[in-house]
Amino acid sequence: MASISVPDENRTITDPAEISDFLKPFGIWYEKWDVAGRIGEKATNEEILEAYKPEIDRLKEQGGFVTADVINVSPETPNLDALLDKFNKEHTHSEDEVRFTVEGSGVFHINPENGPVFAVLVESGDLINVPRDTQHWFNLCSDRHIRCIRLFEDPSGWTPHYMDDGVHVKYSPLCWGPDYLAKADDIDPVVKL
């Protein structure tokens, strides 16, 4: 289940209704979709898209999205660190970034114009959008695995537009996990979410 961390206010939100209420003024919507029993453990991308077709069709109609796909990232993904480096720096997109997390977890960090920096931990069953032109970045959790349905307005996808002086350097991932924390003694401290 999703949670929100507002590090500069030392605040955490875990109630789904409160999460939705917090995100709404930033143009971000959050939904919780059923995952239990919808797909098999080894479901193909096509099977996932078919299982969630009603929800995908609804979002396409509401948001003008024209295509959906599935991204599967794991420790076995070739050039994983290079791929993650594209998303872990503050950037924007020229269209909404919409993600439904089928498996795994990750953190969307949001730097809105009209509020504090906050992080949204997404896990299996969580749907979130990051509105176009919203400054944000993304980190995987310690198991480095996430499988998501993505929706796009442009079939060719989107390109990140990086910020010159991104604030991402001041904030760290919310869900490091025990493997990272064991190594934390060897590095300089940073602001933790």
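Me: Let's start with Arg144: is it buried, partly exposed or exposed?

Reply: Arg144 counts as partly exposed, because its relative accessibility is 29%, and the cut-off for buried is under 20%. Keep in mind that this is a predicted model.

Me: Thanks. Which residue does Arg144 form a salt bridge with?

Reply: That would be Asp81, with the closest N and O atoms 2.7 Å apart. The pair links distant parts of the chain, 63 residues apart. Arg144 sits in the loop between strand E9 (135–140) and strand E10 (146–152), while Asp81 belongs to helix H4 (residues 80–85).

Me: And how accessible is Asp81?

Reply: Asp81 is partly exposed too, at a relative accessible area of 48%.

Me: How many salt bridges are there in the structure?

Reply: The structure has nine salt bridges. One of them joins the side chains of Asp57 and Lys53, at 2.7 Å from N to O. Those two residues are both in helix H3 (residues 53–63), four residues apart, which is about one turn of the helix.

Me: What are the relative accessible areas of that pair?

Reply: Asp57 has 33% and is partly exposed. Lys53 is partly exposed as well, with 38%.

Me: What about Arg99 and Glu97, buried or exposed?

Reply: Both Arg99 and Glu97 are buried. They form a salt bridge as well, with 3.6 Å between the closest N and O atoms. As a general point, side chains of opposite charge can pair when their charged atoms come close.

Me: Let me switch to strand E6. Why call E6 largely enclosed?

Reply: Because 13 of its 15 residues are buried, E6 is largely enclosed by the rest of the structure.

Me: On to rings. How many aromatic pairs did you get?

Reply: The count comes to eight aromatic pairs. Among them, Phe26 and Phe118 make a tilted pair, 5.1 Å centre to centre with 40° between the planes. This pair links distant parts of the chain, 92 residues apart: Phe26 is in the loop between helix H1 (16–23) and E3, and Phe118 is in strand E7 (residues 118–123). Both Phe26 and Phe118 are buried.

Me: Why is the Tyr52 and Phe100 pair called tilted?

Reply: The ring centres of Tyr52 and Phe100 are 4.9 Å apart and the planes lie at 50°, so the pair counts as tilted. Here too distant parts of the chain are linked, with Tyr52 in the loop between helix H2 (45–51) and H3, and Phe100 in strand E6, 48 residues apart. Tyr52 is buried at 0% relative accessibility, and Phe100 is buried with a relative accessible area of 0%.

Me: Which rings link into a cluster?

Reply: Phe22, Phe26 and Phe118 are linked into a cluster by ring pairs.

Me: Last one: what does the Tyr30 side chain have a polar contact with?

Reply: The Tyr30 side chain makes a polar contact of 2.7 Å with the side chain of Asp126. Tyr30 lies in strand E3 (residues 30–32) and is buried, with a relative accessible area of 9%. Other residues that Tyr30 touches include Met1, Pro16, Leu23 and Leu127.

Terms used. Residues numbered from 1 in each chain as written. Predicted model: local features only at pLDDT ≥ 70, side-chain atom pairs only at ≥ 80, totals over all residues. Heavy atoms only, no water. Buried < 20%, exposed > 50% of the residue type's maximum accessible area, 1.4 Å probe, protein only. Contact = heavy atoms within 4.5 Å. Polar contact = N/O pair within 3.5 Å; in protein donor to acceptor, adjacent residues only side chain to side chain. Salt bridge = Lys/Arg side-chain N within 4 Å of Asp/Glu carboxyl O. Phe/Tyr/Trp six-rings, centres within 6.5 Å; stacked < 30°, edge-to-face > 60°. Lists of a residue's contacts leave out its neighbours within four places in sequence.
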